[in-house]
Amino acid sequence: MSLSGLGDTGKAQPPPALFPAPESDTPTPGRRRGGAPQNRPSQNRPSQNGSVQNGPPQTDDAGRQLVFFGADAAEPTVADLAGLLAGPGEVVRMGGTARLSVQVDAAWRVHVLVAELASRGLAASWEPTGGARHAVRTSYTRVLKPLAAAWLHGTTKRPPAAFHLTGRRLRLWLAAAGTPEPPDCFLLRLGADDHECWEPIGVALASAGMAGTLLGPAEGGPAYRIIGRRRLARLAELVGGPPNAAPVDAWPT
(Lines give C-alpha, C1' and ligand atoms only; values in the text may rest on other atoms or scores of the structure.)
Protein backbone atom coordinates (compact mmCIF):
# COMPACT_ATOMS: atom_id res chain seq x y z
CA MET A 1 0.00 0.00 0.00
CA SER A 2 1.57 3.25 -1.10
CA LEU A 3 0.58 6.41 0.72
CA SER A 4 1.42 9.99 -0.11
CA GLY A 5 0.97 13.25 1.75
CA LEU A 6 -0.77 16.42 0.68
CA GLY A 7 2.36 18.50 1.17
CA ASP A 8 5.88 17.15 1.18
CA THR A 9 5.97 13.58 0.02
CA GLY A 10 8.25 10.62 0.53
CA LYS A 11 8.38 7.08 -0.72
CA ALA A 12 6.18 5.06 1.58
CA GLN A 13 6.53 1.37 2.17
CA PRO A 14 3.57 -0.96 2.63
CA PRO A 15 2.95 -1.96 6.22
CA PRO A 16 4.34 -5.35 7.28
CA ALA A 17 2.16 -8.36 6.61
CA LEU A 18 -0.13 -9.24 9.45
CA PHE A 19 -0.45 -12.88 8.49
CA PRO A 20 0.14 -15.42 9.72
CA ALA A 21 -1.67 -13.53 12.42
CA PRO A 22 -0.63 -13.63 16.08
CA GLU A 23 -2.89 -15.65 18.35
CA SER A 24 -4.48 -12.48 19.69
CA ASP A 25 -5.80 -11.73 16.20
CA THR A 26 -8.10 -14.77 16.30
CA PRO A 27 -11.64 -13.46 15.84
CA THR A 28 -14.14 -13.89 18.63
CA PRO A 29 -17.94 -14.03 18.39
CA GLY A 30 -19.35 -10.66 17.43
CA ARG A 31 -16.27 -9.66 15.42
CA ARG A 32 -15.91 -10.01 11.68
CA ARG A 33 -12.35 -10.43 10.40
CA GLY A 34 -11.36 -7.44 8.31
CA GLY A 35 -14.43 -5.47 9.34
CA ALA A 36 -15.89 -3.50 12.19
CA PRO A 37 -17.21 -5.29 15.26
CA GLN A 38 -20.83 -6.30 14.99
CA ASN A 39 -23.51 -4.46 16.92
CA ARG A 40 -21.38 -1.31 17.13
CA PRO A 41 -22.67 2.07 15.94
CA SER A 42 -21.00 3.61 12.92
CA GLN A 43 -17.97 5.77 13.65
CA ASN A 44 -18.96 8.23 10.91
CA ARG A 45 -20.59 10.84 13.07
CA PRO A 46 -20.88 14.62 12.63
CA SER A 47 -17.60 16.47 13.20
CA GLN A 48 -17.09 18.78 16.16
CA ASN A 49 -14.41 21.33 16.96
CA GLY A 50 -11.96 19.51 19.26
CA SER A 51 -10.36 22.67 20.63
CA VAL A 52 -10.89 22.91 24.39
CA GLN A 53 -9.28 24.57 27.34
CA ASN A 54 -7.88 22.73 30.34
CA GLY A 55 -9.64 19.49 31.24
CA PRO A 56 -12.81 19.60 33.39
CA PRO A 57 -12.91 18.54 37.04
CA GLN A 58 -12.72 14.86 37.90
CA THR A 59 -16.36 14.02 38.49
CA ASP A 60 -18.53 11.30 37.06
CA ASP A 61 -20.62 13.87 35.19
CA ALA A 62 -17.49 15.47 33.75
CA GLY A 63 -16.28 12.07 32.60
CA ARG A 64 -19.52 11.38 30.77
CA GLN A 65 -19.47 14.83 29.17
CA LEU A 66 -15.95 14.20 27.88
CA VAL A 67 -17.35 11.67 25.43
CA PHE A 68 -18.33 14.81 23.50
CA PHE A 69 -14.60 15.06 22.76
CA GLY A 70 -14.25 11.38 21.90
CA ALA A 71 -12.52 10.03 18.82
CA ASP A 72 -15.82 9.82 16.93
CA ALA A 73 -16.75 13.45 17.61
CA ALA A 74 -14.21 15.25 15.42
CA GLU A 75 -12.50 15.00 12.06
CA PRO A 76 -8.82 13.94 12.06
CA THR A 77 -6.35 16.82 12.32
CA VAL A 78 -2.57 17.11 12.54
CA ALA A 79 -2.99 18.41 16.11
CA ASP A 80 -4.16 14.90 17.08
CA LEU A 81 -0.59 13.69 16.62
CA ALA A 82 0.18 15.20 20.01
CA GLY A 83 -1.21 11.90 21.27
CA LEU A 84 1.82 10.11 19.83
CA LEU A 85 4.10 12.60 21.55
CA ALA A 86 2.31 11.98 24.84
CA GLY A 87 3.59 8.42 24.46
CA PRO A 88 6.90 7.30 22.95
CA GLY A 89 6.65 9.37 19.76
CA GLU A 90 9.46 11.75 18.83
CA VAL A 91 9.57 14.86 16.68
CA VAL A 92 12.70 16.44 15.17
CA ARG A 93 13.19 19.64 13.22
CA MET A 94 15.18 20.29 10.06
CA GLY A 95 15.14 23.82 8.75
CA GLY A 96 11.53 24.88 8.35
CA THR A 97 10.24 21.30 8.46
CA ALA A 98 9.76 18.57 11.03
CA ARG A 99 9.35 14.80 11.10
CA LEU A 100 7.47 12.62 13.57
CA SER A 101 8.47 9.03 14.36
CA VAL A 102 7.49 6.30 16.80
CA GLN A 103 8.71 2.78 17.49
CA VAL A 104 6.04 0.14 17.99
CA ASP A 105 6.12 -3.48 19.10
CA ALA A 106 3.63 -5.14 16.74
CA ALA A 107 2.78 -5.18 13.03
CA TRP A 108 -0.85 -4.29 13.62
CA ARG A 109 0.23 -0.98 15.15
CA VAL A 110 2.10 -0.14 11.94
CA HIS A 111 -1.07 -0.70 9.89
CA VAL A 112 -3.14 1.50 12.16
CA LEU A 113 -0.63 4.34 12.40
CA VAL A 114 0.15 4.45 8.68
CA ALA A 115 -3.59 4.73 8.00
CA GLU A 116 -4.04 7.41 10.68
CA LEU A 117 -1.17 9.47 9.27
CA ALA A 118 -2.52 9.12 5.73
CA SER A 119 -5.94 10.34 6.89
CA ARG A 120 -4.18 13.54 7.97
CA GLY A 121 -2.43 13.99 4.62
CA LEU A 122 0.99 12.81 5.79
CA ALA A 123 3.26 10.43 3.90
CA ALA A 124 4.44 7.60 6.12
CA SER A 125 7.08 4.89 5.89
CA TRP A 126 8.18 2.08 8.18
CA GLU A 127 11.09 -0.24 8.73
CA PRO A 128 11.88 -3.14 11.08
CA THR A 129 14.24 -2.25 13.91
CA GLY A 130 14.92 -5.69 15.37
CA GLY A 131 12.82 -8.34 16.99
CA ALA A 132 9.15 -7.63 16.42
CA ARG A 133 9.64 -3.86 16.59
CA HIS A 134 9.11 -1.38 13.77
CA ALA A 135 9.77 2.33 13.31
CA VAL A 136 6.98 4.36 11.72
CA ARG A 137 7.87 7.84 10.53
CA THR A 138 6.55 10.68 8.43
CA SER A 139 8.43 12.60 5.78
CA TYR A 140 9.92 15.95 6.72
CA THR A 141 7.15 18.45 6.15
CA ARG A 142 6.24 22.03 6.99
CA VAL A 143 2.88 20.76 8.21
CA LEU A 144 4.50 19.38 11.37
CA LYS A 145 6.53 22.49 12.18
CA PRO A 146 3.92 23.95 14.62
CA LEU A 147 3.74 20.63 16.48
CA ALA A 148 7.52 20.56 16.84
CA ALA A 149 7.60 24.18 17.97
CA ALA A 150 5.02 23.46 20.67
CA TRP A 151 6.73 20.33 22.02
CA LEU A 152 10.47 20.92 21.63
CA HIS A 153 12.52 23.04 24.01
CA GLY A 154 15.89 22.80 22.34
CA THR A 155 16.06 19.06 21.76
CA THR A 156 14.01 18.19 24.87
CA LYS A 157 10.42 17.03 24.42
CA ARG A 158 7.94 18.63 26.80
CA PRO A 159 4.15 19.13 26.52
CA PRO A 160 2.92 22.68 25.98
CA ALA A 161 1.38 24.36 29.02
CA ALA A 162 -2.21 23.97 27.80
CA PHE A 163 -1.83 20.34 26.72
CA HIS A 164 -4.94 18.21 27.09
CA LEU A 165 -6.01 14.79 25.86
CA THR A 166 -8.91 14.39 23.45
CA GLY A 167 -10.35 11.12 22.23
CA ARG A 168 -8.38 11.21 18.98
CA ARG A 169 -5.12 11.95 20.78
CA LEU A 170 -5.75 9.09 23.19
CA ARG A 171 -6.65 6.80 20.27
CA LEU A 172 -3.28 7.45 18.62
CA TRP A 173 -1.39 6.99 21.89
CA LEU A 174 -3.19 3.74 22.54
CA ALA A 175 -2.61 2.49 18.97
CA ALA A 176 1.12 3.15 19.32
CA ALA A 177 1.77 2.08 22.90
CA GLY A 178 -1.30 0.86 24.74
CA THR A 179 -1.20 -2.59 26.35
CA PRO A 180 -4.02 -4.34 28.26
CA GLU A 181 -3.30 -5.95 31.62
CA PRO A 182 -6.25 -8.23 32.45
CA PRO A 183 -8.55 -8.11 34.17
CA ASP A 184 -8.98 -4.38 34.84
CA CYS A 185 -5.79 -2.51 33.91
CA PHE A 186 -4.39 -0.84 30.84
CA LEU A 187 -0.86 0.49 30.32
CA LEU A 188 -0.18 3.62 28.28
CA ARG A 189 3.56 3.62 27.65
CA LEU A 190 5.74 6.72 27.72
CA GLY A 191 9.01 7.70 26.10
CA ALA A 192 11.88 6.15 28.04
CA ASP A 193 13.96 9.34 28.00
CA ASP A 194 11.09 11.85 28.20
CA HIS A 195 11.30 12.48 31.95
CA GLU A 196 10.00 16.04 31.64
CA CYS A 197 6.83 14.73 30.00
CA TRP A 198 5.81 12.14 32.55
CA GLU A 199 4.27 14.38 35.20
CA PRO A 200 2.33 16.77 32.89
CA ILE A 201 1.03 13.82 30.88
CA GLY A 202 -0.28 12.34 34.13
CA VAL A 203 -2.03 15.64 34.89
CA ALA A 204 -3.67 15.54 31.45
CA LEU A 205 -4.86 11.98 32.05
CA ALA A 206 -6.34 12.95 35.40
CA SER A 207 -8.10 15.94 33.84
CA ALA A 208 -9.66 13.56 31.32
CA GLY A 209 -11.02 11.43 34.15
CA MET A 210 -8.42 8.65 33.94
CA ALA A 211 -5.93 9.29 36.71
CA GLY A 212 -3.23 6.65 36.40
CA THR A 213 -0.33 5.28 38.40
CA LEU A 214 3.10 6.15 37.05
CA LEU A 215 5.33 3.09 36.69
CA GLY A 216 9.07 3.70 36.52
CA PRO A 217 11.50 1.72 34.37
CA ALA A 218 12.16 -0.69 37.23
CA GLU A 219 8.43 -1.50 37.39
CA GLY A 220 8.01 -2.29 33.70
CA GLY A 221 7.55 1.32 32.59
CA PRO A 222 7.78 4.09 32.01
CA ALA A 223 4.02 3.96 31.63
CA TYR A 224 0.78 5.05 33.21
CA ARG A 225 -1.36 2.22 34.52
CA ILE A 226 -5.08 2.90 34.25
CA ILE A 227 -6.83 0.79 36.86
CA GLY A 228 -10.49 -0.05 37.37
CA ARG A 229 -13.51 -0.79 35.25
CA ARG A 230 -14.91 2.72 35.45
CA ARG A 231 -11.74 4.34 34.15
CA LEU A 232 -11.30 1.69 31.47
CA ALA A 233 -14.91 2.23 30.36
CA ARG A 234 -14.20 5.95 30.11
CA LEU A 235 -11.05 5.23 28.07
CA ALA A 236 -13.07 2.98 25.76
CA GLU A 237 -15.71 5.69 25.28
CA LEU A 238 -13.12 8.30 24.41
CA VAL A 239 -10.99 6.27 21.97
CA GLY A 240 -13.91 4.66 20.13
CA GLY A 241 -14.11 1.19 18.64
CA PRO A 242 -11.00 -0.85 17.78
CA PRO A 243 -9.32 -0.42 14.39
CA ASN A 244 -9.84 -3.32 12.00
CA ALA A 245 -6.16 -4.34 12.25
CA ALA A 246 -6.10 -4.46 16.06
CA PRO A 247 -6.35 -7.82 17.85
CA VAL A 248 -9.65 -8.15 19.66
CA ASP A 249 -8.06 -8.22 23.12
CA ALA A 250 -5.71 -5.28 22.49
CA TRP A 251 -8.38 -2.56 22.75
CA PRO A 252 -10.44 -1.35 25.72
CA THR A 253 -14.13 -2.20 25.64
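Reader: Where does G220 lie in this model?
Author: In this predicted model, G220 lies in the loop between strand 9 (213-215) and strand 10 (223-227).

Reader: Why is G220 called partly exposed?
Author: The relative accessible area of G220 is 39%. Buried means under 20% and exposed means over 50%, so G220, at 39%, is partly exposed.

Reader: How far apart are G220 and L187 in sequence and in space?
Author: They are 33 residues apart in sequence, and their C-alpha atoms are 9.9 Å apart.

Reader: Where is H164, and why is H164 called buried?
Author: H164 is in the loop between strand 6 (156-157) and helix 5. Its relative accessible area is 12%. The cut-off for buried is under 20%, so H164 counts as buried.

Reader: What does the side chain of H164 reach?
Author: The side chain of H164 reaches the backbone oxygen of A162 at 3.3 Å. A polar contact needs N or O atoms within 3.5 Å, and the value for H164 and A162 is 3.3 Å.

Reader: How do you know that strand 7 and strand 8 pair?
Author: Pairing requires at least two bridges between the strands. Strand 7 (residues 178-181) and strand 8 (residues 185-189) have 4 bridges, in the antiparallel sense. In this pairing, G178 stands opposite L188 of strand 8. The hairpin that joins strand 7 to strand 8 runs through 3 residues.

Reader: How many salt bridges are there?
Author: The count comes to 9 salt bridges.

Reader: What makes R120 and D80 a salt bridge?
Author: The rule asks for a side-chain nitrogen of Lys or Arg within 4 Å of a carboxyl oxygen of Asp or Glu. For R120 and D80 the closest N and O atoms are 2.8 Å apart, and the pair forms a salt bridge. This pair links distant parts of the chain, 40 residues apart: R120 is in the loop between helix 3 (107-119) and strand 3 (124-130), and D80 is in the loop between helix 1 (60-65) and helix 2 (82-86).

Reader: Are R120 and D80 buried or exposed?
Author: R120 has a relative accessible area of 8%, so R120 is buried. D80 has 7% relative accessibility, so D80 counts as buried.

Reader: What does the side chain of R120 meet in a salt bridge at 2.8 Å, N to O?
Author: The side chain of R120 meets that of E116. E116 is at 14% relative accessibility and therefore counts as buried.

Reader: Why is the pair of R225 and E181 called a salt bridge, and where are the two residues?
Author: The N to O distance is 3.1 Å, and the side chains meet in a salt bridge; the cut-off is 4 Å. R225 is in strand 10 and E181 is in strand 7, 44 residues apart, and the pair links distant parts of the chain. R225 has a relative accessible area of 24%, so R225 is partly exposed. E181, with 25%, is therefore partly exposed.

Methods. Residues are numbered from 1 along each chain as its sequence is written. This is a predicted model: local features need pLDDT of at least 70, side-chain atom pairs count only at pLDDT 80 or more; totals for chains, interfaces and linings use all residues. Side-chain values use heavy atoms; hydrogens and water are left out. Buried means under 20% relative accessible area, exposed over 50%, partly exposed in between (1.4 Å probe, protein chains only). A polar contact is a pair of N or O atoms within 3.5 Å; within protein, one must be able to donate a hydrogen and the other to accept it, and residues adjacent in sequence count only if both atoms are side-chain atoms.
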